[in-house]
Amino acid sequence: MVAVGLPEPTRTASRRPRNVRGRRAAGRILPMIPAFALLALFFLGPILWCVYASFTDVALTGATASTPHLIGLRNYRRMFDDPAFRQSLWLTVVFVLGSAVIGQNVGGMVLALLMKSRSRLARAVVGAIVVGAWVMPELVAGFVWYAFLSDDGTLNAILRGVGLGGKSWLYATPLLAVTLANIWRGTAFSMLVYSAALSNVPDDLLEAAAVDGASAYRRLRHITLPLMRRAVMTNLMTITLQTLAVFTLIFVMTGGGPGTKTQTLPIYMYQSAFKFYQLGYGAALAIVLLAVGAVFSVVYLRMMREEV
C-alpha cells in the first residue's frame with residue numbers, strides 16, 4: 001500500500017507549482033488588457049484599415065467614397081511608375097539624412113560634450129535656449145523660420161543692414177531651409193540623450209587614458225563613443241522616425257514647394273489623399289512611408305546588437 005500511494009502526492013505536488021505559475025502570469029497580464037485594447041483600437045486598427053484602403057480605389061468624393069472597389073496592386077504600380085513619388089522618396093531620404101542623422105545627431109553630441117565641462121550657469125543658459133526650441137510647437141517653429149527666412153524677414157533685414165543684400169531663401173534653397181529649421185528644433189533631444197549618456201562614462205577611464213598620453217580626440221573615439229554606442233543607436237532610431245513624420249514644419253514654411261522641391265513623402269501623401277481626394281493612393285503612400293521607417297529601424301537595431 002505504501003508503494004501504491006506514493007506517486008499520487010508526487011504528481012499533485014508537481015501540478016501545484018505549475019498552477020501557481022499560471023495564476024501569477026494571468027495576474028500580471030490582466031491589468032495590461034486595457035492597454036492592449038487601446039493600442040489595438042488606436043494603433044493597430046488604423047494601420048490595418050490603411051493596408052486595406054491601399055488595395056482599393058476609395059476616395060473622399062464621388063461614387064467610390066461610399067462604395068470602394070478592390071483594385072489589387074494598382075495603387076502600388078501607379079506609385080512606382082510616378083516620377084513625383086520617386087522624387088518625394090529621394091527628398092525624404094535626403095531630408096532625414098541631413099536633418100536627423102547628421103544635423104541633430106552631431107549637433108546634439110557637440111553640445112553635450114561642450115556643456116559637460118562648462119559651469120552650471122552656462123549649462124543652464126544653453127540648455128534653456130536649446131530646449132526652448134524643442135518644446136516649441138512645430139506649427140510655431142514653422143512660422144518663426146518662415147518669418148526669419150522670408151523675403152522681408154529678419155535674415156534679409158540683417159544682410160541689407162550690413163550692405164550684403166537679401167535673397168529669397170525659401171525659393172533659392174528651400175530644402176536647406178527646412179532642414180536647418182528641423183535641426184534647430186530637434187537638436188535638444190539628442191543633446192539631452194547624450195548628456196545623460198556622458199554622465200555614465202567613468203571618469204577614471206578618461207583620466208587613466210589622459211595620463212597615458214591619449215589626446216582628447218583619441219579619448220573620445222576609443223573610450224567615450226564606444227561606451228555610448230547604445231545611446232547613439234537609440235537616439236538615431238528615435239530622431240530618424242520623428243523626422244520621417246515631419247509634416248507641419250515643411251507645410252508651413254514652403255507647402256512642399258516651390259513646385260515640388262520640398263515635397264517629402266508626408267507632404268505628397270497629404271496632397272494625394274486630401275487635395276486630390278485619392279484616399280486609396282494616399283494610403284499606399286502611407287504604407288511605403290511605414291516601410292521606410294521599418295528599414296531604418298532594422299538597420300539601427302542590427303547595429304545595436306553588434307559587439308562594441
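**Aromatic pairs and a surface patch**

W145 is buried, at a relative accessible area of 13%; buried means under 20%, exposed over 50% and partly exposed in between, with a 1.4 Å probe and protein chains only. Before I go on, this is a predicted model, in which local features need pLDDT of at least 70 and side-chain atom pairs count only at pLDDT 80 or more, while totals for chains, interfaces and linings use all residues. Residues are numbered from 1 along each chain as its sequence is written, and side-chain values use heavy atoms, with hydrogens and water left out.

Now the rings. How many aromatic pairs does a search of the whole structure find? The count is 11. Rings of Phe, Tyr and Trp (for Trp, the six-membered ring) pair if their centres lie within 6.5 Å; planes under 30 degrees apart are stacked, over 60 edge-to-face, and the rest tilted.

One of these pairs is W134 with F189, which is tilted, with 5.8 Å centre to centre and 55° between the planes. W134 belongs to helix α6 (residues 120–135) and F189 to helix α10 (residues 174–198), so this pair ties together parts that are 55 residues apart in sequence. Helices here are DSSP runs of H or I, at least four residues, numbered from the N terminus. W134 is partly exposed, at 31% relative accessible area.

Back to W145: its ring and that of F148 have centres 5.6 Å apart and planes at 75°, so the pair is edge-to-face. These two residues are 3 apart in helix α7 (residues 138–149), about one helical turn. F148, at 28% relative accessibility, is partly exposed.

Ring pairs also link F247, F251, Y270 and F274 into a cluster.

Helix α6 also holds G132, which is partly exposed, at 30% relative accessible area. G132 and R185 are 53 residues apart in sequence, and their C-alpha atoms are 8.7 Å apart in space.

Last, the surface. Which helix gives the largest share of the nonpolar patch? Helix α3 (residues 33–53) does, with 6 residues. The patch is formed by I29, L30, M32, I33, F36, L39, F43, L44 and L48, with about 910 Å² of accessible area together. Patch residues have over 30% relative accessible area and no salt bridge, and nonpolar side chains (Val, Leu, Ile, Met, Phe, Trp, Tyr) are joined within 5 Å, like charges within 9 Å. A salt bridge puts a Lys or Arg side-chain nitrogen within 4 Å of an Asp or Glu carboxyl oxygen. Areas come from the Shrake-Rupley method with a 1.4 Å probe. F36, in helix α3, is partly exposed at 44%.
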